[in-house]
Amino acid sequence: ALHAVLCAIATLNREEILEWILQNRSFLPILDQNPISKELLNSFFNRKFPDLLRSLWALQHDLSMDLCMHSHTEGLTRLIRHRCYVAYVRPFRRIRLSRMKFELLGSDSFDASSDDSFERDLEWLLRQGCIQGQLHLEEDLLEVNSYDGHALMIASVLDEASSSWAF
C-alpha cells in the first residue's frame, strides 16, 4: 500500500487519486490496514503539505532500506516535495518565501537540509517551467506569472471542504 500511495502522490492528479485509489473497493481494505499510507494520502488530498512532508521525511530511512524502494527513495520524495510546492503556489500571484516555507515545512525544522533544499527546489521548478515566475531572494519573494484567479477560488473552496473530508 505504501509503495502505491507514494507513487500515486508523485504522479497522479487529485481526480485520478480519488478514482483509482480512494474509490477503489479492492484497494480500500489494504489502505485501511496501513495507517501510514492512509495518513500520507489524506495529507496530500487535503493540502496539509507540512504533515505530508514531515511524514515523508520520517519515512526516508525506512524507504532507503526497502528492497524495492531504496534506489527510488530520493527521486520519489523529491517529486512529492515538488508537487507540494507547485500545488501550494498555484493560487498566488506573489508570495513571501518565508511564509511559503513556514506553511509548507511547518514551524519546526524537521530536516536540517530543508532550508537549503527549499530554495534550490524552487529555483529548479522555475527553470523547468513547473512554476512560471521569478524568484527574488533579496526581497524574500516569489512572483508567479501564471496567476490563476479561478484556481484561488477553487483552492479556498477545497480548503474549506477538505477540513471535513476524512478517509
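This report describes helix packing, aromatic pairs and selected residues in a predicted model.

## Basis of the model

Residues are numbered from 1 along each chain as its sequence is written, and side-chain values use heavy atoms, with hydrogens and water left out. Because the model is predicted, local features need pLDDT of at least 70 and side-chain atom pairs count only at pLDDT 80 or more, while totals for chains, interfaces and linings use all residues.

## Packing of helix 1

Helices (H or I, at least four residues) and strands (E, at least two) are DSSP runs, numbered from the N terminus. Axes are lines fitted to C-alpha atoms, for helices over the stretch in contact, and angles run from 0 to 180 degrees between N-to-C directions. The axes of helix 1 (residues 2–11) and helix 5 (residues 49–65) cross at roughly 130° and come within 13 Å. Helix 1 is therefore oblique to helix 5; angles under 35 degrees count as roughly parallel, over 145 as roughly antiparallel, 65 to 115 as roughly perpendicular and the rest as oblique. The crossing of these two helices, helix 1 and helix 5, is left-handed. A crossing is left-handed if the near helix is turned anticlockwise from the far one by less than a right angle, and right-handed if clockwise. Leu2, Leu6 and Ile9 of helix 1 make the contact (heavy atoms within 4.5 Å) with Leu52, Leu56, Leu59 and Leu63 of helix 5.

Helix 1 also packs with helix 2, at an angle of about 160° and with the axes 9 Å apart. Helix 1 is thus roughly antiparallel to helix 2, and their crossing is right-handed. On the helix 1 side, Ala4, Ala8, Ile9 and Thr11 meet Glu16, Ile17 and Ile21 in helix 2.

The buried residues of helix 4 are Ser37, Leu40, Leu41, Ser43, Phe44 and Phe45; buried means under 20% relative accessible area, exposed over 50% and partly exposed in between (1.4 Å probe, protein chains only). These buried residues pack against helix 1, helix 2 (14–22), helix 3 (28–32), helix 5 and helix 6. Serine 43, at 6% relative accessibility, counts as buried. Leaving aside residues up to four places away in sequence, serine 43 touches Lys48, Phe49, Asp51 and Leu52.

Arginine 47 lies in the loop between helix 4 and helix 5 and takes a positive phi of about 60°. With 22% relative accessibility, arginine 47 counts as partly exposed. Arginine 47 and alanine 87 are 40 residues apart in sequence, yet their C-alpha atoms are 8.3 Å apart in space.

## Aromatic rings

A search of the whole structure finds two aromatic pairs. Rings of Phe, Tyr and Trp (its six-membered ring) pair if their centres lie within 6.5 Å; planes under 30 degrees apart count as stacked, over 60 as edge-to-face and the rest as tilted. Tyrosine 85 and phenylalanine 118 form an edge-to-face pair, 5.5 Å centre to centre and with 70° between the planes. Because tyrosine 85 lies in helix 6 (residues 73–89) and phenylalanine 118 in helix 8 (residues 114–128), the pair ties together parts that are 33 residues apart in sequence. Tyrosine 85 is buried at a relative accessible area of 0%, and phenylalanine 118 is buried at 1%.

Tyrosine 88 and phenylalanine 92 form a tilted pair, 5.4 Å centre to centre and with 35° between the planes. Both tyrosine 88 and phenylalanine 92 are buried.
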